[in-house]
Amino acid sequence: MKGRRLRNRTEARRLLKEWEASGQPMRKWCESRGLSWGSMAQHRRFWLADQAKAKAEKVDFVEVLPTSVPSAQRAVRYRMFVGAGVLEVGDNLDEDTLRRLLRVMNTC
């Protein structure tokens, strides 16, 4: 039996949340509600791609704290706490490199 296709992204996101909460296999859940499994799976792929893109683009501000350095080294070091990770860099780090490092840490 073919089910009906999902009307739009709003309906799809609502139904995807209901399906995830059910804990059932998607195909079985869709069939029990007269929905097209293929349409639901396609909307799920779109939704996951949107989430991945949003996460990759998101860069939060982080606290930058200088760390103590033995006087013999005289180098300034900064320790950044990003989520559960810690990034330690010197004062000679350029802005582009820092931006790339933060993006990498944010995706972990």
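Biologist: Which residues are linked with Arg7 in a network of salt bridges?
Modeller: In this predicted model, Arg7 is linked with Arg4 and Glu11 in a network of salt bridges.

Biologist: And how far apart are the closest N and O atoms of glutamate 11 and arginine 4?
Modeller: The closest N and O atoms of that salt bridge, between glutamate 11 and arginine 4, are 2.4 Å apart.

Biologist: Where do arginine 99 and glutamate 95 lie?
Modeller: Both lie in helix α4, which spans residues 95-107, and they are four residues apart, about one turn of the helix.

Biologist: What about aspartate 96, which residue does it form a salt bridge with?
Modeller: Aspartate 96 forms a salt bridge with arginine 99, where the closest N and O atoms are 3.2 Å apart; these two residues are separated by about one helical turn, because they are three residues apart in helix α4.

Biologist: Which side of the cut-offs does glutamate 95 fall on, buried or exposed?
Modeller: Glutamate 95 is exposed, as its relative accessible area is 55% and the cut-off for exposed is over 50%, while aspartate 96 at 47% is partly exposed and arginine 99 at 33% likewise counts as partly exposed.

Terms used
Residues numbered from 1 in each chain as written. Predicted model: local features only at pLDDT ≥ 70, side-chain atom pairs only at ≥ 80, totals over all residues. Heavy atoms only, no water. Salt bridge = Lys/Arg side-chain N within 4 Å of Asp/Glu carboxyl O. Buried < 20%, exposed > 50% of the residue type's maximum accessible area, 1.4 Å probe, protein only.
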